[in-house]
Amino acid sequence: MQRMIKIILLTATIIGVTAVADMSFAQDPAAAAATEAAAAPIPAAHTTFVFNTLLFMIMGMVVMFMAAGFCMLEAGLVRSKNAATICLKNITLYSIATVMVWLIGYNVIYGVDEGGWIGTLSMWAADDSKALDTGYSASSDWFFQMVFVATAASIVSGTVAERVRLWPFFIFTALLTGLIYPIQASWEWGGGWLDSRYGFSDFAGSTLVHATGGWAALAGALALGPRRGKYGPNGQINQLRGSSLPLATLGVFILWLGWFGFNGGSQLALGTLSDAIAVSNIFVNTNMSAAMGVMTVVVLCTLLKRKIDLSMVLNGAIGGLVAITAEPLTPAVWQAALIGSVGGVIIFVTTPMLEYLRIDDVVGAIPAHLFCGMWGTIVVPVTNSDASFVGQAVGIGANAAFVFTVSLAIWFFMKIVIGIRASADEEDRGLDDSEVGAPAWPDFSGEEKIQPAE
Amino acid sequence: MQRMIKIILLTATIIGVTAVADMSFAQDPAAAAATEAAAAPIPAAHTTFVFNTLLFMIMGMVVMFMAAGFCMLEAGLVRSKNAATICLKNITLYSIATVMVWLIGYNVIYGVDEGGWIGTLSMWAADDSKALDTGYSASSDWFFQMVFVATAASIVSGTVAERVRLWPFFIFTALLTGLIYPIQASWEWGGGWLDSRYGFSDFAGSTLVHATGGWAALAGALALGPRRGKYGPNGQINQLRGSSLPLATLGVFILWLGWFGFNGGSQLALGTLSDAIAVSNIFVNTNMSAAMGVMTVVVLCTLLKRKIDLSMVLNGAIGGLVAITAEPLTPAVWQAALIGSVGGVIIFVTTPMLEYLRIDDVVGAIPAHLFCGMWGTIVVPVTNSDASFVGQAVGIGANAAFVFTVSLAIWFFMKIVIGIRASADEEDRGLDDSEVGAPAWPDFSGEEKIQPAE
Amino acid sequence: MQRMIKIILLTATIIGVTAVADMSFAQDPAAAAATEAAAAPIPAAHTTFVFNTLLFMIMGMVVMFMAAGFCMLEAGLVRSKNAATICLKNITLYSIATVMVWLIGYNVIYGVDEGGWIGTLSMWAADDSKALDTGYSASSDWFFQMVFVATAASIVSGTVAERVRLWPFFIFTALLTGLIYPIQASWEWGGGWLDSRYGFSDFAGSTLVHATGGWAALAGALALGPRRGKYGPNGQINQLRGSSLPLATLGVFILWLGWFGFNGGSQLALGTLSDAIAVSNIFVNTNMSAAMGVMTVVVLCTLLKRKIDLSMVLNGAIGGLVAITAEPLTPAVWQAALIGSVGGVIIFVTTPMLEYLRIDDVVGAIPAHLFCGMWGTIVVPVTNSDASFVGQAVGIGANAAFVFTVSLAIWFFMKIVIGIRASADEEDRGLDDSEVGAPAWPDFSGEEKIQPAE
């Protein structure tokens, strides 16, 4: 009897365990029903998938809206006679980025082999056959990556404003968004050589997005030369005042808003406890860095100038935002505050420096996006032990060499072949007249108010 | 012994399976605890519910913000002497839409019988007693539907600007948002005759929202006649330039942002793998169509005019957005690009056509919302096999016949009974003076800056 | 045999149940696998956590954007000669709020003992060690609370515009955001005496945020006195017209958008059926109250004035929004409509009342935020039986006494010690000249367009 009970116990145990184990393979109807009751119709992986996809969509939307931010910032900082042209440029460059990232850009970035130098030259099409494995919808990822490319292009338009002709700018934008940005982004975000060999670390793109835009802008400014009247014959520097500081301020607020998406969305996932915590830490650091960029410029202006230059304060916010973009996750809040503060100092110091060098950067995009972008990138290893100063320097250098050289070549090639700059007369009358054929603010700028249509 | 073991095995199996099966009914405490650990306190249906409700809320917010987009677009495209009036109209029309959709609109749309022609004339109140079954909160759905109605009303205000008096416009808006829009929307989205008999397909409202707004606007333009000075006595067409192209551009960027909500939210669900993928595909197509609308107008202007007309480019974006709205899900990306591109062509061709017909559409809303809306609707069957050209034509025709006839009747009735147009003198001085009593831009438009209050 | 079967059945039952029970402790590998299949990697509590954190982030973003809304509203309602200064103030005050809420504000609010009067004077740092218990990420909560504090500070800048000097305003902002707001918020939202002793109820801050901003603004207006030229010597009241009604309107649309986040996010949770329903009900009520605020002012202006004052209509929207903020959840839709409508009446009645009292509130912030805030707070018990009129009155009174007294003391102390008001000459030339050194709209306001840089 003893033995029989042992057999029974053993048998029952095996059966019981087997029955439960069956649940995990859902072969037993009862077990399957139990599983269904517990989790149907959404297994947890689906929930994570929806969260991640939603993150890309929401954050992508606010990054898309940064196009409006750049547009307002630039429309506010150019003279009214060029404000319609800069608006036209901004809506068109976003459209060009959309088309080029679709036609070639996306697969140039992500079609790269591990450790490679460039992806494939092929058109993107949504493929969600393995979406559950990747953890997000392919289209949501494409959208999020695309708006990043558009951001880099937006940076350029501000620097070269008030003198570049429309079509040369559009051609440059197409090359920037279809090839230049994607090639260097593939090195890191596509898993190419910068990532695999040097462990370069650039969370949301201080270098890959902002310095890229900055180098392209600097090349454009050099190829174009300064606006007429900006620099006098005897080293005189003239201020060509922006037409609307309220619109410029609105632009910066929109950019600030968009940056929560820019940095927060770059966590690339939301659907787990740790991802949700990471995104919200990024929010706090991003906001803090921007605020300290503002405060630093306000204090420096108060101490060193008699008045507080609003344009520079606005750039202080952008400088703080760009600086934290390379690593918005690992810094403690006080470190984020310091990173942004140094960003503000860079704005304060380098903006007049560019003027001293007689480089004409209409909206101050080079200090904000290029210099603060490099600062943010090089400081990453201080808070993130996965990065090294050597790797960061290599990344900054490679980005600089490639983007600046290629951009300069394209601008100068176009300068020789088709011409990139409006004539002196067109520039004096304003590009709104020569390129758009309509004044931006006709009622206030002394233009005729009723004109016969063509 | 053999037999006994068989009995034991069988018994144990039954017991084991029963124990597991009990889990699904949660009658056994241990089993219930296991279920609770696995999924409590949110069953999967709750997760889906929260996702769907969140979709309505987020997307509804950005669609609500389209009211600001229309307001800026219109304030930028009217002359400064009418800019305050158009702002007043836009914030009031949104408020009227809110109140009317609550008082009668919502139940006119959704209280309709299957195959019917009109819903019930009753006030909406949130009923979430079966919310888990519907899959979303009743209030989130109401909010999302309401902002769609407001969008249709926003379309009208631009076309009839600079000459319509405030209260006739408000009365028309109340009828449009309380009855005209809801009645025709009930035919399709409420499950009425267009849906059940003709399988009409209009995903997010190219016809039901945008053409509705367009027909109502056309009726208003015909009843009002053109602005003074727009058309000269000898067939001359004058351009009455908008006061701020930067604000108009901002408006279009806001609309573009809002359209992700407009089309994406119209998936009406987010909480499953396939819904999340659908919404992000809609994002990509919506964005692509708008971008190609812009690019097409830019290229056409470059080829056929000497200059690139910013107002028309802005309308190209809207035309692309409206065109893809009838079916943003089924087209491949290249098809979305083509649909938007044709939208751009329509803007380029029909804008001067309206001027030739001496119809005065201040902001170009009729080409963008009406013509591109019809184009987007008729092309649906090319990518969506559930739709037919006959069904689409019937839908377009029914919408046209109903909305245009009723709108025209209302506008003309008001014209006779109370008058709809400002006097010639008021129009010359600007409606800001006669209707609002305050200039929109007093510091720049040569008005007195200090005036005694009443 | 009978007995043996009984034993077998009993034994098997015990074994089966034990096997299943093991699942909940995950000690048995097979059982653990089953649990994993059902719910891994996200247990339900994690899903709720992500939803709640996402709510704080999304809603926090749109509340952050309210800073842009206030900025545009105020830039549009001041004269163009002070528009750059008001922009500078708005971006700086948001930055100050960020820094102060980090340094002391947050822990003053939430470090308070139950029933206490003030929290701890210590720096905030993210602590997510118990995040799953609290149900949201610490950083997302900090961000959401911080943008509320910034909102209160934004209210002040509008009232004291066009005459207050920059640094006294910044100092006041630092004290307001670091101490004044946090101390009184700790009484209620931190669980202090107002909450525990009086059951004061202020859902999203009609009193704690808006009346706080309003009292601080009123104190500032009294300390500063009215702008030069606002009130004539014989009781004459002059209108000093705002420079851009379109920008002011844009500001209100942005605020309206942000208010969905302000009130909706104050549910503080999204991850359950009831929370999602609550947030969407709040959306509907918030929107309805604002719409009725607008409609009420439109109707009152039509009936009692000949023209419809856009500035007042804009304030009607804000008044409706502020009024519903104390309790956006419990009112039925018609009650929300009534609450907003009374808000509109308050705007219409009290705006001229302040002028009669010769208090100069440049943007009408005191009627909108203070008077409508008190109205919204006192009416809570009508729809929410957890609140009492006594408790509400105590809360309103305590907030008034503390905020107004302390603010007045600070403003007058600064007035004596450092001076708070620009000189008469600076005020006449505009603060953009004396404080910023750059005109806001140089092309239109008759300033020199090219000036030598410093």
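**View 1. Chain A in outline.** Chain A holds 18 helices and two strands (DSSP runs numbered from the N terminus: H or I of at least four residues for helices, E of at least two for strands). The model is predicted: local features need pLDDT of at least 70, side-chain atom pairs count only at pLDDT 80 or more, and totals for chains, interfaces and linings use all residues. Residues are numbered from 1 along each chain as its sequence is written, with chains lettered from A and ligands numbered from 1 in the order in which they are written. Of the 454 residues of chain A, 67% are buried (20 or more other C-beta atoms within 10 Å of the residue's own, C-beta atoms being placed from the backbone).

**View 2. Helix 3 against helix 4 in chain A.** The axes of helix 3 (residues 44-77) of chain A and helix 4 (residues 83-110) of chain A come within 9 Å and cross at roughly 160 degrees (axes are lines fitted to C-alpha atoms over the stretch in contact; angles run from 0 to 180 degrees between N-to-C directions). Helix 3 of chain A is therefore roughly antiparallel to helix 4 of chain A (angles over 145 degrees). Helix 3 of chain A contributes A:Ala67, A:Phe70, A:Cys71, A:Glu74 and A:Ala75 to the contact; helix 4 of chain A contributes A:Ala83, A:Ile86, A:Cys87, A:Asn90 and A:Tyr94 (C-beta atoms, placed from the backbone, within 7 Å).

**View 3. C:Trp256 and its surroundings.** C:Trp256 sits in helix 10 (residues 245-265) of chain C. C:Trp256 is buried, with 28 other C-beta atoms within 10 Å. Not counting residues up to four places away in sequence, C:Trp256 touches C:Ala290, C:Ala317 and C:Leu321. C:Trp256 and C:Ala291 are 35 residues apart in sequence and 9.9 Å apart in space, C-alpha to C-alpha.

Conventions. Angles under 35 degrees count as roughly parallel, over 145 as roughly antiparallel, 65 to 115 as roughly perpendicular and the rest as oblique. Two residues are in contact if their C-beta atoms, placed from the backbone, lie within 7 Å. A residue is buried if 20 or more other C-beta atoms lie within 10 Å of its own, exposed if 12 or fewer, and partly exposed in between; C-beta atoms are placed from the backbone.
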